[in-house]
Amino acid sequence: MWLAGYWMRHGYRPEEILALSPAERSVWQAIAELNREEEREMVRDAVLEAASLLIGKK
């Protein structure tokens, strides 16, 4: 259950996560997915910027 793991890494206790209603769990999952996508985009942008700096030095 990646959702519980995600929120536990962000300071929530397992009891809090498991006590969520299905509707609340859906919202928390959507938030987690958006945050994961944002993190991926930030890493991608950083890699692309680093690569362009390396290529530009040659």
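This briefing covers the aromatic residues and the nonpolar core of the structure above. The model is predicted: local features need pLDDT of at least 70, side-chain atom pairs count only at pLDDT 80 or more, and totals for chains, interfaces and linings use all residues. Residues are numbered from 1 along each chain as its sequence is written, and side-chain values use heavy atoms, with hydrogens and water left out.

**Nonpolar core**

- The largest nonpolar core has eight residues: Leu3, Ala4, Tyr6, Trp7, Ile17, Leu20, Trp28 and Ala32.
- Such a core is a set of buried Ala, Val, Leu, Ile, Met, Phe, Trp, Tyr and Cys residues joined through side-chain atoms within 4.5 Å.
- Buried means under 20% relative accessible area, exposed means over 50%, and partly exposed lies in between (1.4 Å probe, protein chains only).
- Helix H1 (2–9) and H3 are the elements that give two or more residues to this core.
- H1 supplies the largest share, four residues.
- Helices here are DSSP runs (H or I, at least four residues), numbered from the N terminus.
- In soluble globular proteins, nonpolar side chains tend to be buried together.

**Trp28**

- Trp28 lies in helix H3 (residues 22–56).
- Beyond its neighbours within four places in sequence, Trp28 contacts Leu3, Trp7, Tyr12, Ile17 and Leu20.
- Contact means heavy atoms within 4.5 Å.
- Ile17 is 11 residues from Trp28 along the chain, and their C-alpha atoms are 9.0 Å apart.

**Aromatic pairs**

- The whole structure holds five aromatic pairs.
- Rings of Phe, Tyr and Trp (its six-membered ring) pair if their centres lie within 6.5 Å; planes under 30 degrees apart count as stacked, over 60 as edge-to-face and the rest as tilted.
- Trp2 and Tyr6 form an edge-to-face pair, 6.4 Å centre to centre with 75° between the planes.
- These two residues are four apart in helix H1, so about one helical turn separates them.
- Trp2 is partly exposed, at 36% relative accessibility, whereas Tyr6 is buried, at 3%.
- Trp7 and Trp28 form a tilted pair, because their ring centres are 5.0 Å apart and their planes are at 55°.
- That pair links distant parts of the chain: Trp7 in helix H1 and Trp28 in helix H3, 21 residues apart.
- Trp7 is buried, with a relative accessible area of 9%.
- Ring pairs join Trp2, Tyr6, Trp7, Tyr12 and Trp28 into a cluster.

**Arg36 and its surroundings**

- The charged end of Arg36 sits over the ring of Trp2, 4.5 Å from its centre.
- That label requires NZ of Lys or CZ of Arg within 6 Å of the ring centre and within 35 degrees of the ring normal.
- Tyr6 touches Arg36 too, along with Ala32, Asn35 and Glu39, not counting residues up to four places away in sequence.
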